[in-house]
Amino acid sequence: MTVHAANYRDAGRAVTPSAWSRMWSQNAPGYLFLLPWFIGFFGLTLGPMVSSLYLSFTNFDLLTSPEWVGAANYVRIFTADPKFAKSMQVTFFFVIFSVPLKLAFALGVALLLNRGMRGLPLYRAVFYLPSLLGASVAIAVLWRTLFAGDGLVNDFLANFGIQGPSWISNPRFSLWTLIVLAVWQFGSPMIIFLAGLRSIPQDMYEAASLEGAGKWRVFWKITLPMLTPVLFFNAIIQTIEGFKSFTPAFIISGGTGNPVNSTLFYTLYLYQEAFEFFRMGYASALAWILLIIVALFTGFSFLTSKYWVHYDD
Amino acid sequence: MTFALDRRRFLMGSTALLGATALAPAAALAQENRLRLFFWGGQARADRTYAATDLYTKANPGTAFDGEFMAFSDYWTKLGTQVAGGNAPDILQMDYRYIVEYANRNAIAPLDDMVGKELDLSDFDQDQLDGGKVNGKLYGISLGANSVATIVNTAAFEEAGIAVPGPELSYADLPALAEKFNSANKRPGMKLWSDNSGVEPALDNWLRSKGKGLYGADGKPLFDENDLVEWFQLWADLRAAGVTVSPDDQALDATDAIENTMVTLGKATTTAANSNQLIAFQAVNKDPLTMIAYPRYKPGAGGGHYRKPSMFFSLGATSQKLSDGAKFINFFISDPDATKALGVERGIPCKKSTRDNIAPTLDAQSQIALNFVSNLGDLLGPLPPSPPANAGEVNKALKTKSQEVAFGSQSPQDAGPAFFKEVTEILSRK
């Protein structure tokens, strides 16, 4: 903060060599503290991003050096790649269903927990647990076992005389098992909702109850509008997470995206192109398209946000 | 795995150092000769491999190994990355599917100059030697021959009172056999055959038995749309006749991992595999297993099988220790103790002297594998040319297409032409 202030004060003056050196000596510690981040950002994020942008215009199989092909990769993706279309369809389906379901579930649990019950920290921790474990390989393996033909889910259904299919290996259900897995990891949006609920001024509720408003009316007229900034934040984060989702599909389908490409997430297709078929250039192009799609989604959300997000001011 | 790797490195390093100090104190000061060895496989293979490297270190004090192993699919990612970084291992395991690609891009070294010097290949099987050649030059030394094989649960057959089929078995025999098995009903929920419509080697075998094959020397398909329609229809009929497992069950076997095969999961009495895998299959199956040939296209049609080099050792083209690497390969395929430790886990050894040496020491499964590969008779055909680039992707696409047919979203009549078009596109892609 002081560094910033000093910088600001210097800005108006003529910059002499001595001023430069004074500025440097004042700011050096700040930059020094930023150095680990700079190294990480330039070395591990920006550098690879720039080279991936370059590679997306080449054919590169790792063994021979990249060969410039212009926009050929992009042209093929948009005109002659059925797997691109399929993986887009799978990914959008996943995002469209998993994100709202997850948010609704997280909000529901947060509302329950917000009623000031005893042992709240314990419940909060327990409900958060799946999110900590959720993206891990172990849970994906567990999911595979639960939803297999002779898994626990079908054992349970058998009690009611229902003979369930093998959920994970049947193309009609496999993607839904992944959506259920995503919804189950509702912990992190729940915690944020809970914090948001806590920050709604109590006097609003008091006023509402004096006016004789019912529960639903309070929820729709006070809780939800007051919660929209948090909802907006959660929706954006979860949408991005949804587009990036990789591990569960990779583990559950053994990296294949099968049965019948029903779990061929976009990132999984990208991975296959890069690390199974060694088309690094093509995979880079796919990665940039994903980046642009996510950016468009986020940008669109921000543009529309002024019509439905109510900031407290 | 990392732990095993590190411990192994540490052990190998320390043993070498110990040996060197004991024998020649001066040698310990000299730079240690370390060879990087990289292969795919599981723990069983690693144990056998490291037993051989330890023996080599004992015989050649001062030489140590940095060994590393991983699963097949991860292996190629890692190897590709290392080669791209100019950091290829000294000795690497190579597959018949990839050897042409690696040789053509000069990622592995030609070995011809070392034959007769470091490499003694005097009683090496000619077909296995030729399998390691690309454009007339030798790039890989076959570590063993294997063949495709059907793994069979013998207990399930015995209980049903049916004899395990012999080499005369053809696809036409399967429905009758399945009816016998199903009516005995000793193992409810178990079917006779796994659904192999998506198994590329099974399609290859069937096509060869029909007088065709997958790919020619020019990398072009040797089959056409009609063959594929016939293939998908064959399996649709077997499915309808109750011979094979349900599509749901078959789809559990997503990656050919032995743990998820139909025989291991108890869904079928058989699974399509390779002859050298019997040892690994038996390790995770309680019922006794044996192996039989893939069924013939029709009674009397032979030539579907071939003795495939199951894997090679090649030398990284950038290695500074080509001569040492070649010496190690020679030791690996011929040393009496090392080859006994290795057994037939990588396939049937290609040197006659080695085969004679290890034959009396083999366990039951290895014995079955040796007999099977040695007695294929008229089922044995010539070694096909190594597959074209992108063949691995065709392999994947076949599995997906077979599921489309099995789950009923496409008929065999439509799937044949559709898949042929897909194959053509994949093969023509850079």
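Author: Leu380(B) counts as partly exposed, with 16 C-beta neighbours inside 10 Å. The scale runs as follows: buried means 20 or more other C-beta atoms within 10 Å of the residue's own, exposed means 12 or fewer, and partly exposed lies in between, with C-beta atoms placed from the backbone. This is a predicted model; local features need pLDDT of at least 70, side-chain atom pairs count only at pLDDT 80 or more, and totals for chains, interfaces and linings use all residues. Residues are numbered from 1 along each chain as its sequence is written, while chains are lettered from A and ligands numbered from 1 in the order in which they are written.

Leu380(B) sits in the loop between H16 and H17 of chain B. Helices (H or I, at least four residues) and strands (E, at least two) are DSSP runs, numbered from the N terminus. Leaving aside neighbours within four places in sequence, Leu380(B) is in contact with His305(B) and Tyr306(B). Contact means that two C-beta atoms, placed from the backbone, lie within 7 Å. Gly302(B) is 78 residues away along the chain, yet its C-alpha atom is 7.0 Å from that of Leu380(B).

Now the helices on either side of this loop. Chain B is assigned domain 1 (2–143 + 312–374) and domain 2 (148–305 + 389–428). The bounds come from an automatic or database domain assignment. H16 (residues 364–374) gives 6 residues to the side of domain 1 of chain B that touches domain 2, the largest share. In total, 14 residues of domain 1 of chain B are in contact with 12 residues of domain 2. By class, the domain 1 side has 6 nonpolar, 4 polar and 4 charged residues. Here Ala, Val, Leu, Ile, Met, Phe, Trp, Tyr, Cys and Pro count as nonpolar, Asp, Glu, Lys and Arg as charged, and the others, Gly among them, as polar. The centres of the two domains, taken over C-alpha atoms, are separated by 32 Å.

The largest nonpolar core has 156 residues, and Leu111(B), Ile151(B) and Ile329(B) have the most contacts inside it. Such a core is a set of buried Ala, Val, Leu, Ile, Met, Phe, Trp, Tyr and Cys residues joined through C-beta atoms within 7 Å. Helix H4 (residues 82–113) of chain A supplies its largest share, 8 residues. Both domain 1 and domain 2 of chain B contribute at least three residues each. Beyond four places in sequence, Leu111(B) is in contact with residues including Leu119(B), Leu138(B), Leu315(B) and Ala326(B).

Asn106(B) lies in the loop between helix H5 (99–104) and helix H6 (126–131). Its phi is near 55 degrees, a positive value in a residue other than glycine. Most residues other than glycine have a negative phi, and most peptide bonds are trans. Asn106(B) is partly exposed, with 13 other C-beta atoms within 10 Å.

Chain A has a counterpart to examine. Asn261(A) has a positive phi of about 60 degrees, although it is not a glycine. Asn261(A) is buried, with 22 other C-beta atoms within 10 Å. Its loop runs between H12 and H13 of chain A. Pro259(A) is placed in the loop between helix H12 (247–252) and H13 of chain A. The peptide bond from Asn258(A) to Pro259(A) is cis, with omega near 0 degrees.

Finally, H14 of chain A. This helix (residues 280–308) has 29 residues and reaches 41 Å from first to last C-alpha, close to the 42 Å expected at 1.5 Å a residue. The expected span is 1.5 Å times one less than the number of residues. H14(A) bends by about 25 degrees at Phe302(A). The bend is the angle between axes fitted to the seven residues ending there and the seven starting there. Its buried residues include Met280(A), Tyr282(A) and Leu286(A). Among what covers them are helix H2 (17–55), strand E1 (58–59) and helix H13 (266–276) of chain A.
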